[in-house]
Amino acid sequence: MKSITPAEAHAVADAWILDVREDAELTQARIEDARHIPLGSLVDRLDEVPRDRTVYVMCHAGGRSAQATQYLSAQGVDAVNISGGITEWYRAGLPITLGGAE
C-alpha cells in the first residue's frame, strides 16, 4: 500500500483528498477541499471516486484510511494513504477548518 505524509499530500497541486471519517467527526475538524465519503459508505459510493487521477485518502489517525486505500486499490483506483490522518495534518500546521461543518 502506498502512503504519503500530510505535508507531502498538501504539497500536491490540486490533490483529490478523500476523507473517510464519519459525519460527526467532520464537525470537529476538516480540510476545506476534501471530499467526504464515510468508510462504511465507500462500497456503495465507489462511483464518486475518480479513476483518472490519484486519490489521497485520510481519516482521523490512519487506520480507516489504510483500509479504504487497500479497497480502492483493489478496485483499480490509484489510492494513497495519508499517514497519521487529520491528527498529523493538524500537528504539521497544515490548513484545517475547526468547528461546525457547513
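I began with what covers the buried residues of helix H3, and found that the cover includes strands E2, E5 and E6; helices (H or I, at least four residues) and strands (E, at least two) are DSSP runs, numbered from the N terminus. The model is predicted, so I note that local features need pLDDT of at least 70, that side-chain atom pairs count only at pLDDT 80 or more, and that totals for chains, interfaces and linings use all residues. Residues are numbered from 1 along each chain as its sequence is written, and side-chain values use heavy atoms, with hydrogens and water left out.

**Helix H3**

I then listed the buried residues of H3, which are Ser65, Ala66, Ala68, Thr69 and Leu72, where buried means under 20% relative accessible area, exposed over 50%, and partly exposed in between (1.4 Å probe, protein chains only). They cover an arc of only 165 degrees around the axis, taken from the directions from the helix axis to the C-beta atoms, and this puts them on the same side of H3. On the face turned away from that buried side I found the exposed residues Gln70 and Ala74. After H3 comes Gly76, with a positive phi near 90 degrees.

**The sheet**

I read the strand order of the open, five-stranded sheet as E1-E6-E5-E2-E4, with parallel pairing; two strands pair if DSSP finds at least two bridges between them. Strand E1 (3-4) and strand E4 (35-36) are at the edges with a single partner strand each, so one side of each has no neighbour in the sheet. E5 and strand E6 (residues 79-82) run parallel and are joined by three bridges, and the partner of Tyr56 in E6 is Val80.

**The cores**

Which residues have the most contacts inside the largest nonpolar core? I found Leu18, Leu42, Val49, Val55, Val57 and Leu72, in a core of 14 residues; such a core is a set of buried Ala, Val, Leu, Ile, Met, Phe, Trp, Tyr and Cys residues joined through side-chain atoms within 4.5 Å. Strand E2 (16-19), strand E5 (55-58) and helix H3 (63-74) each supply at least two of its residues. Apart from it lies another core, of 13 residues, including Ala9, Ile17, Ile31 and Trp89.

For Val57, leaving aside neighbours within four places in sequence, I noted contacts (heavy atoms within 4.5 Å) with residues including Leu18, Ala68, Thr69, Leu72 and Val80.
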